Amino acid sequence: MAGFAFRRVLVLLPELFAVSLGAFLIVHLAPGNPALLLAGLHPTPSLIAAITREWGLNLPLPEQYVRFLLQLFHGNLGYSMMEQRPVASLIASALPVTLTIGGGGTVLALLLGIPLGVAAGRRTGSFLDRLIVLITSVTVSVPLFWLGILLVLAFSVRLGWLPSAGWGSFRQMILPWLALGINGLAIFARMMRNQIAEVLANDYVRTARAKGVSSSGTVWRHAFRNAVIPIIALLGLRVGYIIAGSVVLELVFLLPGMGQLMVQAILNSDYTVVQGTMLVLGISVLLANFIADLAYGWVNPSIRYQ
Amino acid sequence: MLQHAQQAEKVRTGWWRRRLRLLLALAFVALFVALALLAPLLFAHGYNQQNLMSSLMPPSSGNPLGTDEFGRNELARIVWGAQVSLEVGFIAVLAGAAFGGLLGIVAGLFGGVVDTLISAVADVIWSFPIILLAIGLVAILRPGVESAIVAIAFGFWPQYARVVRSSTLELRGRNFVEAAVAVGASQWRIALRHILPNVLGQIVVLASVGVADAILAEATLSFLGLGAQPPLPDWGGMLSAAQTYVLQAPWLSLAPGVAITLVVIAFNELGEALADVFAPQRRSLAG
């Protein structure tokens with residue numbers, strides 16, 4: 001396990017390097033003078049001079065990158081001229097919103113997707129199975145942000161049951177969670193369906209049935225346990241999409257999360273915030289994949305020796 | 001015997017169902033492309049003819065899908081919007097497939113450091129969802145349709161590079177390629193005459209599904225305000241604008257979403273059907 005973890009770290013390090021380099025280069029590749037971009041909408045000569053000094057913008061690029069990394073390790077992501085706040089503090093208040101939406105939505109996707117997959121996989125080809133396959137193929141085709149809008153139309157505009165936007169109460173989280181849950185359920189349902197169907201076709205399951213184990217007993221004891229491992233792996237691979245989905249939904253439901261912060265920053269040319277948010281989201285995706293791989297290696301020893 | 005007959009029957013109905021799906025998907029894609037190309041004929045007034053006297057009108061015989069906040073014909077904007085989707089979808093996929101395909105062949109043929117480098121870059125890009133990559137690139141390039149195309153193509157090339165690279169590696173060991181090497185054919189001649197024709201089918205399958213992904217990504221970018229800018233009619237942008245009027249004019253929040261969903265389903269189905277034609281071993285058991 002230690003060797004496996006070590007090899008995985010060797011993959012993670014260059015990935016982190018690439019992401020930090022990408023975030024660093026955003027400011028340098030954008031058209032215009034980096035100091036001017038970082039100074040925001042009202043640059044003054046003294047401000048530009050201060051920023052040039054702080055980020056060492058007159059130094060050679062590799063040296064600037066090293067300074068950028070050093071600042072990063074001190075938790076300094078720069079200062080947003082637009083918001084008049086350090087970028088790190090903006091992100092500290094936005095990230096929990098994105099994580100709450102993404103986390104809740106994923107739990108809901110699992111709670112909806114797994115039972116649907118089990119129900120379909122127990123009797124492939126049945127009416128119920130066909131119905132569930134149809135549901136999953138429709139839910140993956142509907143764009144996530146439009147699904148959010150549809151939920152607002154149904155539950156806020158027409159029925160008036162839930163608030164259409166905003167952040168702060170539990171009721172305001174339900175529609176974003178539901179949107180992410182419905183959008184994500186298909187992949188878990190399909191995975192579960194195929195796993196269950198495959199396991200149930202094995203001889204040892206037929207033996208268990210012949211010995212008198214009940215149908216739900218075989219599903220639970222044999223099929224379900226085997227299907228959980230690939231779900232863990234899938235979950236890790238999905239983290240990026242969950243974050244991206246949460247980012248998009250924040251603009252549907254006007255949530256003060258990372259997506260809202262990042263998109264507003266791009267539209268306002270607030271480059272320190274763009275840089276900081278891209279960096280944090282990028283590192284989150286990489287770390288989540290890393291943790292999922294380790295967890296997968298832990299529950300499934302054979303993967304460690306590949 | 002009976003089992004075999006049933007099996008054959010199943011395969012035959014499966015064949016018909018697949019043929020029907022292919023035809024339906026093709027018909028819908030053709031309709032989408034035709035509408036996009038014929039938009040200037042169907043709605044000669046363009047997509048930006050404003051009439052503030054009749055803004056936010058519900059669907060009627062004159063405006064089958066109602067009017068938006070500027071009194072513009074929603075149907076005209078949907079049809080003109082097909083042009084934007086078509087343009088972004090096709091150009092982004094073509095660019096991504098060409099660039100990725102080229103790098104994939106280079107990585108597969110030359111191997112060594114070149115291969116390691118190309119594969120590593122492709123892997124890192126591949127571990128991020130397209131929409132996050134695209135947002136990052138638009139941050140550099142500034143919002144707009146051209147930026148959206150470049151951003152989406154940038155997120156797309158790794159999948160083509162990976163598929164083409166692994167096919168190239170496999171083909172390189174085959175007799176006909178070794179024969180070409182033996183008679184002294186150059187690397188480029190081998191790439192163009194022997195490798196490319198053999199990986200084209202896979203690229204076409206990927207590209208069809210890719211158009212669906214690209215259209216979805218572009219609509220999402222425009223919804224975020226980072227893609228096509230007003231007054232250009234873009235399905236994602238139209239949904240974003242419609243959100244302000246969700247109480248007065250809920251119909252504006254429906255039509256563009258239906259359009260995106262149908263086009264995405266059609267290109268995905270087309271991809272599945274093409275996979276049957278080009279890569280029969282990939283045929284799904286579910287049929």
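**Ground rules.** I am working with a predicted model, where local features need pLDDT of at least 70, side-chain atom pairs count only at pLDDT 80 or more, and totals for chains, interfaces and linings use all residues. Residues are numbered from 1 along each chain as its sequence is written, chains are lettered from A and ligands numbered from 1 in the order written, and side-chain values use heavy atoms, with hydrogens and water left out.

**The interface.** I looked up contacts (heavy atoms within 4.5 Å) and found 34 residues of chain B against 38 of chain A. For buried area, I took the accessible area (1.4 Å probe) that two parts lose on being put together, summed over both. The two chains bury about 3,000 Å² between them, with 79% of it on carbon and sulfur atoms. On chain B, the most area is lost to chain A by B:Leu132, B:Ile140 and B:Arg142, together 19% of what that side buries.

**A:Ser20.** Next I turned to one residue in chain A. Is A:Ser20 buried or exposed? A:Ser20 counts as buried because its relative accessibility is 6%, where buried means under 20% relative accessible area, exposed over 50% and partly exposed in between (1.4 Å probe, protein chains only). Leaving out residues up to four places away in sequence, I see A:Ser20 touching A:Tyr65, A:Phe68, A:Leu69 and A:Leu279.
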